[in-house]
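Subject: Structure handover

Hello,

Here is the structure we spoke about, with its sequence. My notes follow below it.

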Amino acid sequence: MAFGFPKLAVLESKLEIYEDLSKEMLDKLERAVGTISENSNKVAVILERHENRLDEGDKANQAIIKMVTDHQKYDEKMFNNFADKLDSLEKKVDENQKMLWMVTIAGSTVIFVLQFLPTIGLQLTPAPKTSRITAAEQVAWTSSTTSTSDSLVVG
């Protein structure tokens with residue numbers, strides 16, 4: 001038995017060494033797995049935060065796009081109102097210009113006709129007839145308050 005025991009002892013010592021190494025390696029592997037698991041959890045938290053920030057950014061972008069679209073609609077509506085008012089104003093100016101030309105032409109026509117009537121012998125108001133008293137018909141008069149008399153002498 002002496003010859004089998006030393007080998008057995010060597011094998012047992014080697015087995016213990018391998019067991020110790022295995023335990024150390026297993027411990028290191030467990031710590032590495034724990035560290036990897038912690039890092040994986042941290043990365044998951046970071047990714048979740050990043051996803052939340054991206055979602056918030058998308059929401060903000062959508063809100064900005066909606067505001068820009070609404071503002072474009074408002075600007076287009078205001079432009080159309082302005083264009084309508086401008087068209088209305090242009091129509092009024094055209095109507096006033098036509099009316100001005102009509103009044104100018106009518107006034108010019110009236111003035112022309114009034115100036116042309118005397119040349120064809122028509123007068124709007126007849127010329128006043130003047131009456132003259134001849135020298136024989138003139139009489140001197142006496143004023144009762146001043147005792148003066150005037151006599152016209154036509155000569």
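Is Asp-27 buried, partly exposed or exposed? With a relative accessible area of 38%, Asp-27 is partly exposed, because that value falls between the cut-offs of 20% for buried and 50% for exposed. Please keep in mind throughout that this is a predicted model.

Confidence and fold

The mean pLDDT of the protein chain is 83, and 77% of its residues reach 70 or more. Confidence is highest in helix H1, with a mean of 92. The lowest mean, 52, belongs to strand E2, residues 149–150. The chain holds one helix and two strands, in the order α-β-β from the N terminus. Helix H1 covers residues 5–116.

Surface overall

The protein chain has 155 residues, of which 1% count as buried. It exposes about 14,900 Å², and carbon and sulfur atoms supply 63% of that area.

Salt bridges

How many salt bridges does the model contain? The count comes to two.

- Asp-27 pairs with Arg-31, and their closest N and O atoms are 3.5 Å apart. These two residues are four positions apart in helix H1, so about one helical turn separates them.
- Lys-66 pairs with Asp-70, at 3.2 Å from N to O. Both residues are in helix H1, again four residues apart, or about one turn of the helix.

The partners in the second pair fall into separate accessibility classes. Lys-66 is exposed, at a relative accessible area of 52%, whereas Asp-70, at 35%, is partly exposed. Lys-66 gets its label because its value is over the 50% cut-off.

Surface patches

Which residues make up the patch of negative charge on the surface? They are Glu-12, Glu-16, Glu-19, Asp-20 and Glu-24. One of them, Glu-24, sits in helix H1. Glu-24 has a relative accessibility of 47% and therefore counts as partly exposed.

Tyr-18 is placed in helix H1, and at 55% relative accessibility Tyr-18 counts as exposed.

To go over the main points again: the model has two salt bridges, Asp-27 with Arg-31 and Lys-66 with Asp-70. When you look at strand E2, bear in mind its mean pLDDT of 52.

Regards

Key:
Residues are numbered from 1 along each chain as its sequence is written. This is a predicted model: local features need pLDDT of at least 70, side-chain atom pairs count only at pLDDT 80 or more; totals for chains, interfaces and linings use all residues. Side-chain values use heavy atoms; hydrogens and water are left out. Patches are made of residues with over 30% relative accessible area and no salt bridge: like charges are joined within 9 Å, nonpolar side chains (Val, Leu, Ile, Met, Phe, Trp, Tyr) within 5 Å. Accessible areas come from the Shrake-Rupley method with a 1.4 Å probe; for residues, only the protein chains shown count as cover. A salt bridge is a side-chain nitrogen of Lys or Arg within 4 Å of a carboxyl oxygen of Asp or Glu. Lys and Arg count as positive and Asp and Glu as negative; His and the chain ends are not counted. The place of a charge is taken as NZ of Lys, CZ of Arg, CG of Asp or CD of Glu. Buried means under 20% relative accessible area, exposed over 50%, partly exposed in between (1.4 Å probe, protein chains only). pLDDT is the predictor's confidence in each residue, from 0 to 100.
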